[in-house]
Structure formats: structure tokens, C-alpha cells
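Please examine the model shown below.

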Amino acid sequence: NLVRDEAAALFEQIGADLLLDVWAARDEYVDLLLDGSPQARERFLERHGRDGGRFTRQVLAFKLLEMQRMSLLAQTSCGWFFDDISGLEAVQVLKYAARTAELMEELSGRSVERRLLDVLAEARSNVAEMGSGADVYQRLVLPRAVSTRRLVSLYALTDMFHDHPDTHSFYGHHVERLEKHRFAAGPLSLVAGRLQVEHLRTGEQAGMTYALIHFGGHDFHCAVRPFVGIGEFRAFCDKLAASFDRATITELLRTVDAHFGETYFGLRDLLPEQREDVLAALFGHLSERFAEMYTRLYQENRRAVSALVDMGLKLPREFRLAAEYTLSRLLNLEIRSQKRSRSRASYRKALELAREAELRGYALELEESRGIFGEMLVETMRRLVAEPSQETGEEASELCKLAEALHLEIPLDAAQDLLYQHLRDGEGIASPGLRELLENLRMSPRLHP
């Protein structure tokens with residue numbers, strides 16, 4: 001409420017010079033969220049802008065409207081009716097509040113964050129180690145904030161593995177690459193780049209430059225600064241080109257720091273959803289080596305260990321880890337290789353692997369296989385309700401049975417919803433197999449006509 005009220009006062013104060021009716025403009029801003037085309041933006045400004053909007057004033061107006069949007073999102077009800085301030089929903093609305101406060105400071109220089117932290121400090125988490133709401137804010141909210149500098153560092157780091165196109169939509173921004181210079185010697189590489197970054201909703205633009213040094217492995221040093229002139233940037237690149245092959249790592253770092261300053265970004269600054277992707281690209285070869293090692297350990301000792309277990313000895317923990325990893329990997333690969341076949345015969349090897357895991361009590365990680373079978377079931381159910389037939393109903397039942405035999409706890413809710421809606425609407429499905437299908441989908445037999 002504190003952030004909402006402060007943002008509302010600022011919105012009225014600054015917006016009065018830009019918008020004919022600030023609250024009417026706020027209410028109709030949803031149109032631009034649904035259609036953000038240049039034509040829609042022009043129509044919006046024609047209706048609501050006081051002067052049709054010079055470019056800088058347009059950016060100011062849209063930043064004000066974004067501030068209001070974030071303020072409303074911070075009031076989302078699901079954030080406040082659960083019982084803990086460290087919960088997923090509460091943290092999400094605190095992120096919206098943090099973005100509102102950030103925009104307020106950008107627009108006016110007025111900071112509300114200190115008072116926000118004082119209020120949050122009064123809320124105690126039910127999870128003792130999470131502390132107060134202020135602790136939650138500093139631990140779980142602020143690290144997710146993405147400034148323009150951090151955005152550019154994320155772009156540079158991911159570009160090293162994915163080679164982004166020269167024009168690219170990236171986390172709510174349009175990024176245009178204007179220059180890219182790459183230097184490499186053995187495991188050491190350095191990329192210097194120049195970008196034009198535009199916020200897709202506000203239209204705010206910024207020229208940015210970066211230098212990313214990769215020392216090998218997980219060690220990155222990415223420095224970012226606003227673009228200050230083509231001459232200065234080209235002189236920096238020329239200096240790198242002239243000295244890269246003979247410069248020491250220390251000298252390279254000093255050259256970069258002299259141009260960009262000592263603040264830098266690394267893998268620790270990646271967003272959570274990027275980390276797994278980047279780490280897989282960096283260490284994928286290590287994963288393959290571990291997979292080969294576990295598989296060899298399992299296969300070479302499988303018969304001997306099984307004989308010992310059959311004599312009553314306890315299964316060694318180290319072998320259990322190797323067995324569970326190997327069988328999980330082999331079973332997921334086998335199911336993937338069948339390319340969504342509906343034939344039970346195609347899964348003979350997969351069934352053998354599942355039976356072996358059941359016999360020894362191995363716990364397998366089969367998320368990928370569960371997803372494949374879940375999608376197959378939903379696709380079959382869609383065909384069934386579109387063109388009901390006993391054959392398609394039996395196919396759906398067999399998929400459920402096959403998944404059970406493979407010990408795949410597949411999600412049934414989407415398939416259940418499709419069948420329930422179909423039956424509720426009075427549509428028929430070939431009766432002989434309907435009761436069995438209901439049982440396999442764990443639905444009430446009372447739905448049978």
C-alpha cells in the first residue's frame with residue numbers, strides 16, 4: 001500500500017503535464033499490452049497525450065504507465081492470502097513492488113525503498129531461517145532485478161553459447177547488435193560489443209558497450225557501460241587488437257577496467273532460468289563422461305552385485321547410485337527413441353528396464369518419459385472427443401496401462417478434463433470401452449451412461 005500510494009501521487013504529479021486524464025490513460029494502457037505495435041502507440045498518444053508527444057515525453061509517459069502497471073501487479077491477491085511472506089506468491093508481488101519503486105526513483109529521484117524495508121521488517125516469516133519480510137526482499141527480490149547493465153551482461157554471456165541474431169527480442173527489450181569484435185588465444189577469449197537497447201513497452205533507448213573475457217571453464221568477467229562515442233569505443237577495440245596476443249591476463253583486465261570501471265558481472269549474475277542452460281553448454285562434456293563412467297560401473301558389476309543381494313547382503317550405496325542413474329538414463333533414452341509409438345511391442349526393452357528397477361527397488365528419475373506419455377495421452381483424448389470411436393478409446397486405455405507398466409506416474413488432469421467436458425455436454429463415446437477408460441483415467445464409473 002505504501003508503494004501504491006506513493007506511486008499514485010507521483011503519477012498524478014508528473015502525468016498531469018503529459019496526459020489529458022492520467023487515470024483514463026492508465027485504464028486504457030491495457031490496449032498497448034495487447035497490441036504494442038507502433039500504430040497502436042500512436043493512437044494511444046493521440047487519444048491521451050497533451051501534445052501528441054515528443055519522443056522524450058513519450059518515453060516519460062510510458063514509464064509512468066509502466067510504474068502504474070507494476071503498482072497494480074503488486075496488489076495481486078494471490079500474493080497476500082497465503083500464510084507466509086517468503087512464499088512464491090508473496091515474493092512475486094514484492095518483485096512488482098520493487099520494480100515500482102525503481103521506476104519511481106528513475107522518474108523523480110524519490111526513493112521509497114528504505115521505508116518499504118522498514119514496513120517489511122515488521123513481518124516475520126513462519127520459516128525461521130527466512131527471517132523478516134525485509135530479509136526476504138533483500139535475499140529473494142533484489143537479486144532478480146535486471147538493470148540495463150545487467151541485461152547487457154546477460155545478453156553477452158548467453159550470446160557466447162547461442163550466437164544471438166543481430167536483432168533480437170530479449171527479456172522485454174529489443175536488442176540490436178551494431179558491432180562485435182572477438183579475440184581468442186587457446187582457452188582465453190574476449191568479445192567486445194556495441195548494442196542499441198530499447199525497452200519494448202516504454203520505448204526508452206540506450207546505447208551500450210560491453211567486454212566479456214572468458215578465462216575458460218566457468219570463469220567470466222563481463223564489464224558494461226553506456227556508449228559514450230564511437231571514437232572512444234574503437235580506440236578501446238584497437239588497443240585490444242594490438243595487445244591481445246602478448247598481453248597477460250592481468251594486463252587485459254586492467255585494459256578492460258580502465259575503460260569500463262571495476263564493476264563486472266559473471267555467471268553468478270545469470271537469471272535462474274539461464275543457469276542450467278549455460279552450465280549444460282559449459283560442462284556438457286563432463287556430464288557425458290560421468291554418464292559413461294556410471295554406465296560402465298553398473299554394467300561391469302551388475303551380475304556380481306545381484307548375486308550378493310540374492311544371498312541377503314545389502315546393496316552397496318555406491319552401486320545403487322550408479323544403477324539408478326544408469327537405468328533412469330537408459331529408460332528415458334529408450335522411450336524417446338520410440339518417437340511416440342503407440343505399440344506396446346516397441347517398448348519391450350523399456351519394459352525390461354522398468355522391471356529390473358522394480359525388482360531391485362531402484363528409484364528412477366523419469367520426468368522426461370512422463371512428459372512424453374502425458375502429451376501422447378492428451379493428443380489421443382483430443383482425437384477421441386473430436387471423433388469418438390471404440391478404437392481410439394482403447395488406444396487411450398492402452399496408453400494408460402503401458403505407462404503404469406513402465407512405472408510412469410503421468411499427469412492425468414488434462415485428459416480427465418477433456419473426457420469430462422465431452423460427457424457433460426451429452427456427447428457419446430463407444431460404450432463398450434468407456435468404463436475401462438474411466439477406470440484407467442481414475443475417474444468415477446458413475447460417468448458411464
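At what angle do the axes of helix H1 and helix H7 cross? The axes of H1 (residues 2-15) and H7 (residues 113-120) cross at roughly 155 degrees and come within 10 Å. Axes here are lines fitted to C-alpha atoms, for helices over the stretch in contact, and angles run from 0 to 180 degrees between N-to-C directions. H1 is therefore roughly antiparallel to H7; angles under 35 degrees count as roughly parallel, over 145 as roughly antiparallel, 65 to 115 as roughly perpendicular and the rest as oblique.

The model is a predicted one, in which local features need pLDDT of at least 70 and side-chain atom pairs count only at pLDDT 80 or more, whereas totals for chains, interfaces and linings use all residues. Residues are numbered from 1 along each chain as its sequence is written, and side-chain values use heavy atoms, with hydrogens and water left out. Helices (H or I, at least four residues) and strands (E, at least two) are DSSP runs, numbered from the N terminus.

In the contact of H1 with H7, Leu2, Val3 and Glu6 of H1 meet Arg115, Leu116 and Val119 of H7, contact meaning heavy atoms within 4.5 Å. Four of these residues are nonpolar, none is polar and two are charged. In this classification, Ala, Val, Leu, Ile, Met, Phe, Trp, Tyr, Cys and Pro count as nonpolar, Asp, Glu, Lys and Arg as charged, and the others, Gly among them, as polar.

The contact of H13 with H14 comprises eight nonpolar, no polar and five charged residues.

H13 also contains Asn332. Is Asn332 buried or exposed? Asn332 counts as buried because its relative accessibility is 10%; buried means under 20% relative accessible area, exposed over 50%, and partly exposed in between (1.4 Å probe, protein chains only). Beyond its neighbours within four places in sequence, Asn332 is in contact with Glu365, Leu366, Glu368 and Ser369.

Finally, strands E1 (residues 167-170) and E2 (residues 173-185) run antiparallel and are joined by four bridges; two strands pair if DSSP finds at least two bridges between them. Phe170 has His173 in E2 as its bridge partner. Two residues separate E1 from E2 in this hairpin, and Tyr171 in the turn has a positive phi of about 50 degrees.
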